[in-house]
Amino acid sequence: MIKFRKFAMYLFLIIVSFFSVFPLYWMVCAATNKSAEVISGRLIPGTYFVENMKALLASQNVGRAMTNSFRYAIILTILSLIISSLAGYGFEIYHDKAKDFVMNIILLAMMVPFVATMIPLFQMFSKAGWLNSTIGFILPTISTPFLIMMFRQSARSFPHDIMEAARIDGLSEIRIFFQMFIPTMRSTYAAAMTITFMNAWNSYLWPKVIMTDSNSQTMPMVVANLTQGYVTDYGVLMLAVLFCTLPTAIVFFCLQNAFAEGITGAVK
Amino acid sequence: MKRKILAALLASTMVLSLAGCGSGSSDSSTAAPAEDGAAAAEEEAAPAEDTGDAAAEETAASGDQTLTVWCWDPAFNMNAMYEAEKVYQQDHPDFALNVVETPWEDVQTKVTTAAASGDLSTLPDILLMQDNAFQKNVISYPDAFLDLTSSGVDFSQFAAGKTAYSVVDGKNYGVPFDNGAVIGCYRTDVLEQAGLTVDDFTDITWDQYIENGKKVLDATGKPLISMQAGECDLIMMMLQSAGSSLFNEDGTANIVNNDTLKVVMETYKALKDSGVLVEVNSWDEYVGSFVSGDVAGTINGCWIMASIQTAEDQAGNWAITNMPSLVGVDGATNYSNNGGSSWAVTANCQNTELAYDFLASTFAGSAELYDNILSSGALATWAPAGDSDAYGVGNDFFGGDAVSAKIVDFSTKVPSNITGVYYYEARDAVATAITNYINGSDIATELQTAEDTVNFNMGQ
Amino acid sequence: MSKPSKKMTLNKKHNITGWLFLAPGALLILFMSFVPMGRALVLSFKTGVGAAMKSCGLMNYTRMFQDTVFVQSIKNTFFYLIIQVPIMLIFALILASILNNRQLRFKGLFRTMIFLPCATSLVAYAVIFRSLFANNGIVNWVLVNLGILDQPYSFLTNVWSARIVIIIALLWRWTGYNMVFYLAGLQNIEYSVYEAAKIDGASAIQSFFKITVPLLKPTILLTAIMSTNGTLQLFDESVNLTDGGPANASITMSHYIYNVSFKYVPNFGYAAAMSFLILILVAILAFLQMKVGDKRD
């Protein structure tokens with residue numbers, strides 16, 4: 001019985017994983033095949049990788065785009081985690097009626113489609129002189145209701161007795177946050193980091209509107225450029241897409257142990 | 001939240017389906033060198049980019065000889081700009097272009113955002129605009145674009161049907177660039193199996209087309225044509241081939257009482273019901289259907305040749321001719337247009353004289369330029385270019401036929417029609433109507449709904 | 001006793017500390033979201049083509065309910081919401097609890113594989129899904145070869161199958177994403193609780209409902225609100241997979257708002273009004289969810 005259940009569990013996971021991995025496999029195949037073969041549905045890796053690579057590098061500045069994407073995604077992720085977790089912590093640990101109310105209001109901020117607020121935001125940024133600048137790129141997404149709420153929800157399981165003990169030991173509130181909360185909430189931070197990095201890496205519409213300079217092109221923009229020609233070379237496109245996908249996948253792979261393995265014996 | 005941010009990827013999303021609305025064509029025998037040329041040109045332009053575009057834009061105001069341009073295809077319109085730069089530099093050695101690769105969807109988003117927020121400073125000096133979007137953009141944001149009527153560009157040297165797209169209130173807002181003349185493309189080897197040649201498809205009507213198509217279907221099991229379901233490219237091409245439009249001169253919708261449209265829809269349904277036309281789900285699948293040889297041909301703007309020529313194994317087995325004409329419609333012809341684009345000068349251009357002179361002496365004045373870019377598939381709509389010898393050279397992919405000269409000839413015969421400010425609204429409404437009509441709904445009801453939808457959109 | 005007053009000041013101090021903690025984040029949201037939202041709200045009472053806008057009162061708000069395409073998009077969006085969100089969240093929860101099992105081998109590998117779909121760039125995702133469900137795609141190939149279908153079925157051009165493909169695509173793309181939050185949330189539950197339950201003879205299913213679900217409640221609330229919000233603002237799938245078709249049968253609200261803003265003759269007043277309808281709808285649903293789920297025990 002137990003053996004059967006174990007078997008069923010693995011079978012289930014293998015099936016789910018198969019469906020999840022299939023697109024990646026598809027991309028790898030596509031990136032190594034000629035365009036015509038890709039659209040006729042060839043599902044075996046080919047020998048056209050080098051040619052696709054050459055064509056990609058000849059038409060797009062991938063190195064610059066990679067550097068830009070990494071720079072923006074890393075800066076954004078770090079700032080975003082600090083500011084949003086401070087806020088989430090503040091909302092939960094010191095919660096009262098007023099703060100709960102403010103939290104609910106803040107949630108409203110994510111409920112309007114960005115298309116509606118983009119133009120007023122653009123006006124503000126143009127007046128502030130932030131067009132074509134890194135600050136213009138990252139500022140709107142540093143603090144998000146989503147991350148704040150995520151930290152607020154997980155701060156709920158932050159044990160109060162530890163805090164009381166720390167306060168009695170004379171630790172200041174900010175030091176409790178940095179020395180106790182952050183290490184305890186490692187899994188939340190790791191999960192938040194994965195998600196924020198992914199969102200920052202993939203962000204497109206706002207960067208595209210605010211950055212008009214070729215020097216600030218990011219990976220998603222490179223991918224978009226490749227789809228816009230009169231002839232789409234699907235082999236080259238999928239190679240670029242592969243480059244665009246791998247960083248997020250790698251970040252996930254590296255961080256997953258931090259958020260999914262638990263913190264045995266630490267603070268708790 | 002998650003999707004909100006990912007929604008930001010939107011432009012990269014629509015492009016696949018919209019790639020078809022663009023225009024351009026390519027000559028595969030020379031496409032590869034052309035691409036190298038584009039790459040080389042991009043490298044050449046790199047120093048200019050390194051100075052920083054923001055800086056470049058501002059210095060342009062102070063008499064600097066640099067223009068910023070937005071366009072989107074490295075092998076095609078970007079290449080054309082780099083070639084134009086070279087041509088212009090012969091007389092103006094200080095001149096430089098800063099070409100920023102910007103997909104059309106993004107050009108539209110950025111223009112709308114900048115114009116709606118009243119800060120045009122992010123716009124380039126010159127941008128490439130889809131012909132179908134000209135009326136809409138100029139009417140919505142008249143302050144964002146410059147009137148080129150008296151800019152020194154001789155518009156009379158362009159095909160009238162082509163300039164009509166970018167004329168608003170009698171003023172010219174665009175310098176025409178590429179050709180979107182409709183061509184019928186056929187696999188001669190497949191037709192042969194049904195005992196047909198491409199001549200059986202030249203100067204024919206849609207009735208004859210269906211008849212021939214059935215022969216091909218019987219002999220080979222292959223449909224003649226595939227079309228993307230829910231997109232009404234073919235509908236619009238048929239409509240224009242008889243000079244008909246979805247709008248009247250006064251801007252009101254012309255759908256319910258448009259008898260030509262009714263014939264078009266019936267023809268489309270007949271095509272589909274006979275099995276001669278097969279509907280596919282997406283643009284990729286559409287391209288795939290002829291690249292992998294599942295269908296025996298296609299009908300589209302001449303820029304589709306570039307996609308056809310990616311099927312290298314079919315070289316020599318393709319032929320090009322005009323499209324079928326509608327039956328029982330006044331003014332029916334075998335010629336139409338789909339896609340195409342023109343250069344617009346934005347109000348952010350500080351050195352307008354330079355921009356005007358550049359356009360007038362390149363895209364509207366240099367046969368040399370058009371000869372140079374012909375290899376990348378950019379077919380001129382500028383009449384003097386068509387007389388060039390380069391246009392008479394045969395293309396082996398299409399059985400040695402001089403396709404360039406042929407297409408230029410087609411383009412002069414295209415009836416002009418009214419794009420309309422509400423072009424995209426009407427197009428979507430008609431696409432809905434045709435989908436429902438094919439699925440068995442009544443044609444009159446559907447046309448009424450379509451007209452109501454368009455009127456609703458206009459009544460704001 | 002002077003203690004209560006001292007406690008009061010301490011509370012007050014903590015109260016202020018709390019505000020200081022949340023100030024940077026809250027202020028950023030105020031300026032980056034609420035200020036533009038305010039302007040959009042003003043805009044929603046105006047109408048006009050392009051830059052020429054004039055006041056029109058509530059016209060935009062009444063107009064949207066006469067807009068057949070928009071009404072259709074509301075129905076479509078709610079269909080996705082009702083079917084997809086519960087399935088996705090339950091599925092993600094099940095996967096997370098399986099992958100939280102200490103005895104499981106290759107956990108890291110499984111997790112990464114299941115997360116991969118949402119790391120996949122949108123362009124690839126769209127191309128792949130369209131090719132899978134193409135007339136000559138793998139799905140049709142399998143179904144025809146198994147004898148389930150006589151001839152290829154055009155999934156993306158039939159009303160219900162197009163909607164179902166969108167739901168499948170959403171499930172595929174976002175289940176792993178939600179799983180991440182559950183996995184992270186599960187780490188805050190002592191594993192010994194499960195072991196104790198096991199010793200007490202609780203089955204896996206019992207401990208799932210008795211331990212996992214109640215303890216993950218804050219996270220479940222988070223994901224429920226986020227998914228509701230995400231689905232009501234659904235855009236990518238509608239644009240990329242079906243382009244809203246056939247005949248607007250799968251178009252979403254955000255897709256239509258985008259069309260009104262950028263594809264059609266731009267009318268930002270109307271687009272803003274429709275956006276605020278989304279706000280109202282999400283806010284109501286989120287409020288209900290908070291009522292049920294956001295209690296501190």
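This is a predicted model: local features need pLDDT of at least 70, side-chain atom pairs count only at pLDDT 80 or more; totals for chains, interfaces and linings use all residues.

Guide: In the contact between the two chains, chain C contributes 88 residues and chain A contributes 97 residues. Together they bury an area of about 8000 Å², and carbon and sulfur atoms give 75% of that area. Three residues of chain C, namely Phe21(C), Met32(C) and Arg296(C), supply 10% of the area that chain C buries against chain A, more than any other three residues. Between chain C and chain A there are zero salt bridges, whereas 13 residue pairs are in polar contact, with both residues at pLDDT 80 or more. Several helices of chain C each supply at least two residues to the side that touches chain A, including helix H1 (3-43), helix H3 (68-99), helix H7 (159-186) and helix H13 (268-293). H1(C) gives the most to this side, with 21 residues. By class, the side of chain C that touches chain A has 58 nonpolar, 21 polar and nine charged residues.

Chain A also meets chain B through a pair of helices. Two packed helices are described by the angle between their axes and the distance between the axes. The axes of helix H6 (residues 114-128) of chain A and helix H6 (residues 104-117) of chain B come within 9 Å and cross at roughly 65 degrees, and the crossing is right-handed. Among the residues that meet here are Met118(A) and Phe122(A) in H6(A), and Thr109(B) and Ala116(B) in H6(B). The contact of H6(A) with H6(B) has five nonpolar, five polar and no charged residues.

Definitions and conventions
Residues are numbered from 1 along each chain as its sequence is written. Chains are lettered from A and ligands numbered from 1 in the order in which they are written. Side-chain values use heavy atoms; hydrogens and water are left out. Axes are lines fitted to C-alpha atoms, for helices over the stretch in contact, and angles run from 0 to 180 degrees between N-to-C directions. Helices (H or I, at least four residues) and strands (E, at least two) are DSSP runs, numbered from the N terminus. A crossing is left-handed if the near helix is turned anticlockwise from the far one by less than a right angle, and right-handed if clockwise. Contact means heavy atoms within 4.5 Å. Ala, Val, Leu, Ile, Met, Phe, Trp, Tyr, Cys and Pro count as nonpolar, Asp, Glu, Lys and Arg as charged, and the others, Gly among them, as polar. Buried area is the accessible area (1.4 Å probe) that two parts lose on being put together, summed over both. A salt bridge is a side-chain nitrogen of Lys or Arg within 4 Å of a carboxyl oxygen of Asp or Glu. A polar contact is a pair of N or O atoms within 3.5 Å; within protein, one must be able to donate a hydrogen and the other to accept it, and residues adjacent in sequence count only if both atoms are side-chain atoms.
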